[in-house]
Amino acid sequence: DHFLPSFFEAGFGMASLSPLTLTWQGKSIQLKGVIDRIDVDPDKQIFRVIDYKSGSGTPSEKEVMDCRHFQLTLYAIAVETLFLPGYWPKDGYFYRIKQADRRRAFEMTSESAWQALKERTLREVFQQIAHIEALRFPGTPDHCFASCELRNFCAQESH
C-alpha cells in the first residue's frame with residue numbers, strides 16, 4: 001500500500017461543515033469532530049485514519065475491534081461518508097506523541113470486513129444512546145478501556 005498524508009485536522013459538523021449523520025434502525029444522530037490525519041492510497045481507494053494522543057493511554061486493538069472504543073471507527077465512517085465516498089478504511093492508528101510510537105487500532109483485510117465492523121460499531125453506538133435516553137448508567141469494568149480513570153469505581157459499583 002502506498003499511503004500519502006492527505007488531510008490534516010479534517011473537521012465535520014462544526015461551523016458551516018456538514019455533520020456526520022448516523023442512522024440505525026430508524027434512529028438518527030449527528031456527530032461533529034476533528035480527524036487529526038487521513039492518509040490515502042488513491043490507486044487502491046483505501047485510507048488510514050490517525051489520531052494523535054498526548055497521554056500514554058490508548059485503547060487496544062481488541063477494544064476497538066470489540067466496539068468498546070469507537071473513536072477511530074467513527075472517524076473512518078466520517079471519512080468514507082463525507083470526504084472519500086467509494087473508499088474504505090484499511091486501518092487506523094493512534095500515535096502517542098510522548099512515546100513517539102504508534103499503536104494500531106484496527107486493520108481490515110477486505111471491504112466486507114470493514115462493513116461488518118461498521119455495523120457492529122453502529123449497533124453499539126445506538127445501544128449506548130438508548131442507555132443514555134433511559135438514564136441507565138451501569139458500571140462496566142469488564143468492558144471499560146484499559147486507561148479509563150473510573151475503572152475501579154465501576155468495579156465497586158457493579159457488586
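Modeller: Happy to! A residue counts as buried when its relative accessible area is under 20%. Keep in mind that this is a predicted model.

Biologist: Okay, so is Thr73 buried or exposed?

Modeller: Thr73 is buried, because its relative accessibility is 0%. It lies in helix H2, residues 71–83.

Biologist: Which residues does Thr73 touch?

Modeller: Leaving aside residues up to four places away in sequence, Thr73 touches Val64, Phe106, Trp114, Leu117 and Thr121. Trp114, Leu117 and Thr121 are also among the residues of helix H3 that meet H2.

Biologist: Nice. At what angle do H2 and H3 cross?

Modeller: Roughly 115 degrees, with the axes of H2 and H3 (residues 111–133) coming within 10 Å. The crossing is left-handed. From H2, the residues involved are Thr73, Leu74, Ala76, Ile77 and Glu80.

Biologist: What kinds of residues make up that contact of H2 with H3?

Modeller: Seven are nonpolar, three polar and two charged.

Biologist: Switching to strands: why is S6 described as largely enclosed?

Modeller: Nine of the nine residues of S6 (residues 88–96) are buried, so the rest of the structure largely encloses that strand.

Biologist: And which strands does S6 pair with?

Modeller: S5 (residues 46–53) runs parallel to S6, joined by eight bridges, and Asp51 stands opposite Phe94 there. S7 (residues 101–107) pairs with S6 in the antiparallel sense over six bridges, with Tyr95 opposite Arg102.

Biologist: How many residues sit between S6 and S7?

Modeller: Four, in a hairpin; Ala100 in the turn has a positive phi of about 50 degrees.

How values were computed:
Residues numbered from 1 in each chain as written. Predicted model: local features only at pLDDT ≥ 70, side-chain atom pairs only at ≥ 80, totals over all residues. Heavy atoms only, no water. Buried < 20%, exposed > 50% of the residue type's maximum accessible area, 1.4 Å probe, protein only. Helix = DSSP H or I, 4+ residues; strand = E, 2+ residues; numbered from the N terminus. Pairing = 2+ DSSP bridges. Contact = heavy atoms within 4.5 Å. Axes fitted to C-alpha atoms, helices over the stretch in contact; angles between N-to-C directions. Left-handed = near helix turned anticlockwise from the far one by under 90°. Nonpolar A, V, L, I, M, F, W, Y, C, P; charged D, E, K, R; others polar.
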